[in-house]
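Hello,

Here is the structure I promised to hand over.

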Amino acid sequence: MTATIELESVPFIQKFKLIASDNKTEFIIDEKILNQSAVLKEMMEIQDKSDTEITIPLNQISAECLGNVIKFCKHYEDSEPYLPPIGPTACLSRPSQSHWDMVFLKSLSSKQLFDIINAANFLNISRLIDAGCFRLGYMTENRTVEEIRRIFQESGDFSAVEEEQIRNEPLWN
Amino acid sequence: MMATLSLSESRGINVEEFNDKLNSWCEDFDTMSDRQQQHIVEKLLNRMSHHQIGAVDSYIKPLLQRDFIVLLPRRLAESVLENLDAKTLAMASAVSQQWRFVVAHGMLWRKLIEKHVREDSLWRGLSEKRGWKRFLFISTEQATIFIAMARGMTKQEAEAFRLTLNDQLEYQHEFYRDLYPQIRLDINQIEENWKNGKFRLQRINCQSENSKGVYCLQYDDHKIISGLRDNTIKIWNRNTLQCRQTLIGHTGSVLCLQYDEKIIASGSSDATVRIWDVETGEQLNTLIHHSEAVLHLRFHNGMLVTCSKDRSIAVWTMHSSHEIDLRRVLVGHRAAVNVVDFDDTYIVSASGDRTIKVWRTDTCEFIRTLNGHKRGIACLQYRDGLIVSGSSDNTIRLWDIECGACLRVLEGHEELVRCIRFDGKRIVSGAYDGKIKVWDLKIAMDPRASSSTICIKTLVQHSGRVFRLQFDEFQIVSSSHDDTILIWDFLNTGVDVNNLLQHNAGVVGEVDQAVQQQQHQQHQQQQHQNLQAGPAAAIMAPPPNIGGGGDAAAIPGQNQQHQFIPPHNNAGDNNIEMVDIGDGLNNDDGDEMEEDIPLHNGDPIAAVLGFENHQQLNIINHDDEDDAGQGQNLEDDDDVEQQQQLPPQNAEQHH
């Protein structure tokens with residue numbers, strides 16, 4: 001089944017066709033979305049743009065995940081470019097739980113969230129990477145160890161002695 | 001997993017037989033090596049259809065993708081955990097070896113501490129005072145060496161030790177993880193000390209010979225600069241409490257001062273403002289403009305504002321310490337202007353006429369008058385949209401500068417509130433009865449809070465009027481008519497001050513020098529012991545050289561405004577209805593502050609000199625005869641005489 005999702009249809013705008021890992025699903029996007037990915041932006045800067053449509057196969061990203069990534073970027077297509085603070089004192093102010101980013105990411109399943117963060121990392125979409133990290137932080141915050149293990153499906157691999165030691169650390173009291 | 005899969009696909013043999021075979025296969029499988037097991041699975045998979053393998057895949061994936069922290073690139077895993085608070089970070093480190101590894105190798109405890117130090121002045125101050133700042137904002141290699149040294153190694157040993165470590169971050173992890181809760185404990189203790197009034201008191205006896213009293217002060221980690229009633233400015237060594245330098249020049253009491261890293265500006269009852277080199281003590285400039293005592297001054301960012309008993313406020317542009325031009329004179333108050341404060345937006349002044357006035361900093365335009373105090377206003381501070389004022393009506397008022405509303409009245413002082421300061425947490429006020437009160441600002445700002453809960457503590461050690469105080473997260477420094485400067489240390493409480501006082505046969509607060517020395521030594525020993533006990537209390541690092549109070553920094557050479565009037569030209573300038581302030585009670589107290597002035601019934605006109613359109617001030621008339629009749633004018637005879645002896649004032653300003 002071929003799903004072609006047209007997100008922008010104004011003429012005279014350079015179009016890009018992203019193809020998901022299934023080699024079938026295509027997403028047609030414009031520069032406003034493409035440029036949010038530092039990787040794609042850099043890739044396209046050395047491309048000849050005479051074609052009306054440039055095809056970019058993304059074998060590593062599933063159709064579902066790519067759809068989510070584009071949905072996120074679409075929300076920010078008219079925003080100022082995202083400039084994450086850099087340097088040793090860089091400090092992001094954390095978005096509230098009701099921020100659009102957080103709500104969007106919360107609507108995803110664990111697997112979808114994991115995929116979208118990895119895809120954001122692969123495509124180097126700073127805003128989405130940061131948002132994903134904040135979302136994971138919220139999933140962790142104010143949880144007990146047992147809750148964190150359950151949420152992240154992690155089984156503790158400390159020995160009984162180590163567990164005991166950890167529980168006696170001053171921060172626990 | 002293969003078992004269940006086979007079960008669902010079972011064909012040919014019955015369930016019982018299948019189960020038997022399965023169990024025996026599994027037993028055999030368990031005895032094999034990893035490699036052999038993998039080989040078997042590979043063989044089996046090769047015998048299966050594409051469809052079957054797809055199903056197998058869906059079983060394998062969740063087994064692998066179970067944990068973000070483990071599966072994400074480490075940089076991302078770190079930034080997930082970087083946003084956590086301390087408690088969650090502690091929990092996260094206990095989830096699994098992998099999580100702990102990410103916390104340790106992301107230096108997340110260190111980053112958390114560094115974040116607090118960057119964002120919170122209490123943490124920043126503590127990091128300097130307790131010396132653990134040296135473990136922050138440094139390279140991994142340096143950190144290892146400093147930590148090893150804090151644990152008892154010499155520098156050489158620590159350097160050698162560093163090279164033997166395969167994992168420095170692992171080594172540092174525990175140090176920072178343990179440092180964090182110790183800092184928390186330390187902070188909690190300081191908060192408790194404030195709440196319970198537990199402090200170590202240090203006392204400077206100024207031993208002024210003739211007229212005793214300390215009108216003003218400012219401090220930093222190294223020094224206290226004080227302005228005295230005996231006309232001098234004295235600079236005290238913060239550690240030894242000895243007088244390092246005496247600046248002589250003023251011919252009247254030094255009523256106000258402020259310094260930054262370059263200069264001291266002082267105002268006096270000799271009506272002058274003098275500028276001194278903060279390092280050498282050399283007098284650099286004298287500003288002669290006011291016709292009576294200069295009661296208060298503030299400077300910041302190339303701008304100086306002075307106010308005087310002559311009822312005017314002068315705004316100056318400081319190009320350099322030698323080149324200070326009068327920019328504007330603000331007139332409108334109908335009695336002495338006791339205090340001014342300003343930031344980039346507003347100039348705020350308060351007067352014996354019971355009002356606070358707000359002016360624009362850039363244009364010097366008058367904005368509004370805040371009415372509420374029932375008697376003259378002695379002191380005020382303004383920052384971040386909030387004004388806190390203290391008055392001769394014994395109350396403190398909190399005001400919203402934007403709307404002019406009085407947010408809260410603090411009652412509790414039994415005499416005139418002479419000095420006041422506030423930060424993000426507390427208000428500290430000093431009164432004529434010698435008492436200092438500490439108030440909780442957050443509670444005071446909460447309109448629903450009961451007023452009885454706002455005052456945290458009353459500190460009684462001064463035996464005379466409290467003239468001036470400054471405080472930070474760790475201490476209050478106050479000065480008084482009793483000729484002393486007191487340092488109330490809530491950080492290192494050491495020997496309980498009350499016991500010391502009892503030993504001294506009831507002499508209020510007479511802690512002698514020897515005891516102080518002893519305390520100091522004990523304190524240092526204590527610190528040394530702490531160091532060995534744990535990483536948090538490392539050796540005291542020398543504190544940085546920062547101008548005290550964080551109040552201001554003068555940057556000379558700002559762009560010059562038009563000078564509207566010559567400096568010597570304004571005294572007695574028209575437009576002001578003169579109010580007789582000469583008669584009042586002579587209280588023999590030497591306080592130059594104008595306490596309360598009977599308000600004139602006339603229609604007051606206030607003008608901003610230099611403006612083409614004079615601003616009409618809308619001052620509510622207090623036609624309260626009784627109140628007016630009680631107006632007190634606290635005046636120092638000596639100072640007044642000295643003023644009268646001054647030669648006619650000419651522009652003595654150096655250019």
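How many nonpolar, polar and charged residues does the lining of the largest cavity have? By class, it has 16 nonpolar, 2 polar and 6 charged residues, where Ala, Val, Leu, Ile, Met, Phe, Trp, Tyr, Cys and Pro count as nonpolar, Asp, Glu, Lys and Arg as charged, and the others, Gly among them, as polar.

Some housekeeping before the rest. This is a predicted model, in which local features need pLDDT of at least 70 and side-chain atom pairs count only at pLDDT 80 or more, while totals for chains, interfaces and linings use all residues. Residues are numbered from 1 along each chain as its sequence is written, chains are lettered from A and ligands numbered from 1 in the order in which they are written, and side-chain values use heavy atoms, with hydrogens and water left out.

Back to the cavities. A cavity here is a set of points, on a 1 Å grid over the protein atoms alone, where a 1.4 Å probe fits but cannot get out; lining residues have an atom within 4 Å of a point. Grid points are joined across faces, edges and corners, and a volume is the space filled by probe spheres set on the points. The structure holds 6 cavities of 30 Å³ or more, and the largest has a volume of about 240 Å³. Of its 24 lining residues, Leu295(B), His296(B), Asn338(B), Arg418(B) and Arg468(B) are the closest to the centre. Elements giving two or more residues to this lining include β2 (214–219), β6 and β10 (294–300) of chain B. Helices (H or I, at least four residues) and strands (E, at least two) are DSSP runs, numbered from the N terminus.

Strands pair if DSSP finds at least two bridges between them. In chain B, 4 strands form an open antiparallel sheet in the order β2-β3-β4-β5, with β2 and β5 (243–247) as the edge strands. β4 (residues 233–237) and β5(B) pair over 4 bridges, and Trp236(B) stands opposite Cys243(B) in β5(B).

Another open antiparallel sheet of 4 strands in chain B runs β6-β7-β8-β9, and its edge strands are β6 (254–259) and β9 (283–288). β6(B) and β7 (residues 263–268) of chain B pair over 5 bridges; Leu257(B) has Ser266(B) in β7(B) as its bridge partner.

Now the helices. In chain A, α5 (residues 110–123) and α6 (residues 126–140) pack at an angle of about 145 degrees, with their axes 8 Å apart. Axes are lines fitted to C-alpha atoms, for helices over the stretch in contact, and angles run from 0 to 180 degrees between N-to-C directions. The contact (heavy atoms within 4.5 Å) involves residues including Leu113(A) and Ile116(A) of α5(A) and Leu128(A) and Ile129(A) of α6(A). By class, this contact has 8 nonpolar, 2 polar and 1 charged residues.

In chain B, the axes of α9 (residues 108–119) and α13 (residues 168–196) come within 8 Å and cross at roughly 35 degrees. Their contact divides into 7 nonpolar, 3 polar and 3 charged residues.

Best wishes

Definitions and conventions: On a 1 Å grid over the protein atoms alone, a cavity is a set of points where a 1.4 Å probe fits but cannot get out, and a pocket is an open set with protein on both sides within 12 Å along at least five of seven lines; lining residues have an atom within 4 Å of a point.
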